[in-house]
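Trainee: I've got a model open and I'd like to learn how to read it. Can you walk me through some features?

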Amino acid sequence: MTKRAVLLANLGSPDQPDTPAVRRYLNQFLMDRYVIQLPWLLRRMIVSLFVLPKRPKDSAEAYRSVWLPEGSPLIVLSEKLQKALQAKIDLPVYLAMRYGNPSIESALLKIATDPSIDEVLYMPMYPHFADSTVTTSIVEAERVINKHKLSFKLNVLPPFYQDPQYIDALYQQSLPHLDGGFDHLVFSYHGLPESHITKRDPSGQHCLKQANCCQQPHEAHATCYRHQVMMTTKALTEKLGLTEDKYSVAFQSRLGRQIWLGPNTEDVLVSLAQKGVKKVMVVCPAFVTDCLETLEEIAMRGEEVFIAAGGESLTLIPCLNDHPAWVDVLADWSVK
């Protein structure tokens, strides 16, 4: 009988909220060929000359603003999810990060110490497909397995952007916050360069090149981040009963000079405030765990931007984290 282990994998975090640790983290993250999709030499020049000299200090300050006594919010909350899931199922549950610690390599080697395990259910904690999240995570896991000649099979959970169970967990997490009343709901998804989208389009003629490309059925949607976030938005707004005038879709966390998916979240917040919207809620479905991008970029900086433009309050709806409904979903997926 097959014995399975479950491995939850997320993006990662610096070990400490200081400049040296953030520099190491950013170097590992940005030198990934799936993140900055340029030849190695160009990537090295951009990272070394334009990012690492100044950004680590600024990012370290941002990390300090959200750091918990136990450590990085992403790591602490992921560990809580791991423990909650472990309490629900009889299978062993492990945790890994694509960058930083605990690494995917260390987690897989730890699993390999149990010779009875012959299958790993690998769960990249990304609802939507992107090479810079899903692909790089899978490639790294496969690299480790091949390098160390590990004998177990890797069974990968596919993106779950419109899975009814995922949507229902989002609904259960969001509804109590929305019941308090709001003027507008902003869906803020992590940004992605447009080139990452068009590069994945097998036809080369559909994504971002056709009107309403995300609504027109096409084979490219299997790996189209933009289409998938739109489907998540559609599913959740329908379940919440929101009309189109009550919500907006935006993209955050831009880096560099490439053309990124838009509109930009901060621009949307300013525009809403200028139109008289006073109470805005923000939900970030691309993140299943709260992290720097939600806690600092949205709940702190986003609020400052919104209020400065004339708004009164911005409330971040927490990510799924270890919400019981989300734990139940992962438990169900683990044993299927």
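Trainee: Is the crossing of α7 and α9 left-handed or right-handed, and how do I tell which?

Mentor: Keep in mind that this is a predicted model. For handedness, look at which way the near helix is turned from the far one: anticlockwise by less than a right angle is left-handed, clockwise is right-handed. Here, α7 and α9 cross in a right-handed way. The residues making the contact are Y166, I167, D168, L170, Y171, S174, L175 and L178 on the α7 side, with T232, A235, L236, K239 and L240 on the α9 side. Sorted by class, that's 9 nonpolar, 2 polar and 2 charged residues.

Trainee: At what angle do the axes of α7 and α9 cross?

Mentor: Roughly 55°, with the axes coming within 10 Å. The two helices are therefore oblique to each other.

Trainee: Now the nonpolar core. Which residues touch the most other members of the largest one?

Mentor: V6, L8, M123, L185, Y225, W326 and W333, out of 75 residues in that core. Helix α13 (residues 324-335) gives the largest share, 7 residues. There's also a second, separate core of 41 residues, with Y63, A107, Y126 and I138 among them.

Trainee: What is L185 in contact with, beyond its neighbours within four places in sequence?

Mentor: Its partners include L178, L240, Y247, M281 and I317.

Key:
Residues are numbered from 1 along each chain as its sequence is written. This is a predicted model: local features need pLDDT of at least 70, side-chain atom pairs count only at pLDDT 80 or more; totals for chains, interfaces and linings use all residues. Side-chain values use heavy atoms; hydrogens and water are left out. Axes are lines fitted to C-alpha atoms, for helices over the stretch in contact, and angles run from 0 to 180 degrees between N-to-C directions. Helices (H or I, at least four residues) and strands (E, at least two) are DSSP runs, numbered from the N terminus. Angles under 35 degrees count as roughly parallel, over 145 as roughly antiparallel, 65 to 115 as roughly perpendicular and the rest as oblique. Contact means heavy atoms within 4.5 Å. Ala, Val, Leu, Ile, Met, Phe, Trp, Tyr, Cys and Pro count as nonpolar, Asp, Glu, Lys and Arg as charged, and the others, Gly among them, as polar. A nonpolar core is a set of buried Ala, Val, Leu, Ile, Met, Phe, Trp, Tyr and Cys residues joined through side-chain atoms within 4.5 Å. Buried means under 20% relative accessible area, exposed over 50%, partly exposed in between (1.4 Å probe, protein chains only).
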